[in-house]
Amino acid sequence: VDRRADAAQGERVTILLHKPMGYVSGQAEDGHQPAVVLVNTHSRWREDRSRTRFAPQQLRGLAPAGRLDIDSVGLLVLTQDGRIARHLIGQDSEIEKEYLVRVAYGEVAQNVQAAFPAAQLARLRHGLALDGQALKPAQVEWQNAEQLRFVLREGKKRQIRRMCELVGL
C-alpha cells in the first residue's frame with residue numbers, strides 16, 4: 001500500500017452526533033437542513049480527548065451511516081470512511097441498531113400494550129415484508145405501555161414507521 005494512501009486514510013473522520021428533531025440525516029430536503037450543519041468547532045464534546053481538531057475540509061464527503069427521520073432524535077454516525085459505513089449499514093452488516101418508538105394503536109394512545117394484539121407483535125418480530133422483500137427477524141418488545149423497543153440488523157428507508165403501519169400502529 002502506498003504510504004500516501006495510508007496517510008490519507010488515517011485523516012478520514014467519523015463523527016458521532018446526537019441528532020435533534022427538525023434535521024434530516026442526509027441531503028437537505030423540503031426546506032429542512034441536514035444534520036451535518038450541526039458539526040462545527042462549537043459542537044465538539046468537551047471531554048473529547050482526541051488530538052484531531054475540527055477543520056472545514058472534514059465536512060467534505062461526510063455521509064450518514066444510517067438514517068433517522070426528521071422527527072427522530074438519537075445517535076447519528078457521520079463518516080468519510082466507507083469501510084465504517086459498510087460495517088454499520090452494509091448489506092452483510094451484523095451490527096444491531098436499537099430504536100425506542102412511541103406508538104398509538106388506532107385511537108388508543110395510552111396503555112397501547114394492553115390493546116395491541118400479541119399476534120401483531122409476533123408479526124413485527126418476523127413476518128413482514130417491505131418493497132416485496134421479507135424483512136430480517138427483529139427483536140421487538142415493549143419498553144413501557146406506550147413505547148416499543150426495536151433492535152434491527154437492517155435499515156430500509158422509514159423501516160420502523162412502515163413496519164408499524166403494517167400492523168396498525
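Modeller: A residue is called buried when its relative accessible area is under 20%, and exposed when over 50%. Keep in mind that this is a predicted model.

Biologist: Why does Leu68 count as buried?

Modeller: Its relative accessibility is 12%. The cut-off is under 20%, so Leu68 counts as buried. Leu68 sits in the loop between strand 2 (63-64) and strand 3 (74-79).

Biologist: What does Leu68 touch, not counting residues up to four places away in sequence?

Modeller: Lys19, Ser25, Val73, Gly74, Leu75 and Tyr99.

Biologist: Now the rings. How many aromatic pairs does the structure hold?

Modeller: There are 2.

Biologist: Why is the pair of Tyr105 and Phe116 called edge-to-face?

Modeller: Centres within 6.5 Å make a pair, and planes over 60 degrees apart make it edge-to-face. Here the centres are 5.2 Å apart and the planes stand at 90°, so the pair is edge-to-face. The pair links distant parts of the chain, 11 residues apart. Tyr105 is in the loop between strand 4 (97-102) and helix 3 (112-115). Phe116 is in the loop between helix 3 and helix 4 (118-125).

Biologist: Tyr105 and Phe116: buried or exposed, or partly exposed?

Modeller: Tyr105 has 24% relative accessibility.

Biologist: What makes Phe116 and Trp142 an aromatic pair, and of which kind?

Modeller: They lie 6.1 Å centre to centre, with 75° between the planes. The limits are within 6.5 Å and over 60 degrees, so this pair is edge-to-face. Trp142 belongs to strand 7 (residues 139-144), so the pair ties together parts that are 26 residues apart in sequence. Trp142 has 17% relative accessibility and so counts as buried. Through these ring pairs, Tyr105, Phe116 and Trp142 form a cluster.

Biologist: Turn to the sheet. What is the order of its strands?

Modeller: The order is 4-8-7, in an open sheet of 3 strands with antiparallel pairing.

Biologist: Why do strand 4 and strand 7 stand at the edges?

Modeller: Each has a single partner strand, so one side of each is left without a neighbour in the sheet. The average twist is 25° from one strand to the next.

Biologist: How do you know that strand 7 and strand 8 pair?

Modeller: At least two bridges are needed. Strand 7 and strand 8 (residues 147-152) have 5 bridges, in the antiparallel sense. Val140 stands opposite Phe150 in strand 8. Helix 4 packs on the sheet, touching strand 7 and strand 8, and its direction makes about 130° with that of strand 7.

Biologist: Which residues touch the most other members of the largest nonpolar core?

Modeller: Val103, Leu124, Leu148, Phe150 and Leu169, out of 20 residues. Helix 4, strand 7, strand 8 and helix 5 (159-166) each supply at least two residues of this core. Apart from it lies another core of 9 residues, including Val13, Tyr23, Val39 and Leu76.

Biologist: What is Leu169 in contact with, leaving aside its neighbours within four places in sequence?

Modeller: Its contacts are Val103, Ala104, Tyr105, Val112, Phe116, Leu124, Leu148 and Cys164.

Methods. Residues numbered from 1 in each chain as written. Predicted model: local features only at pLDDT ≥ 70, side-chain atom pairs only at ≥ 80, totals over all residues. Heavy atoms only, no water. Phe/Tyr/Trp six-rings, centres within 6.5 Å; stacked < 30°, edge-to-face > 60°. Helix = DSSP H or I, 4+ residues; strand = E, 2+ residues; numbered from the N terminus. Buried < 20%, exposed > 50% of the residue type's maximum accessible area, 1.4 Å probe, protein only. Axes fitted to C-alpha atoms, helices over the stretch in contact; angles between N-to-C directions. Contact = heavy atoms within 4.5 Å. Core = buried A, V, L, I, M, F, W, Y, C linked by side-chain atoms within 4.5 Å.
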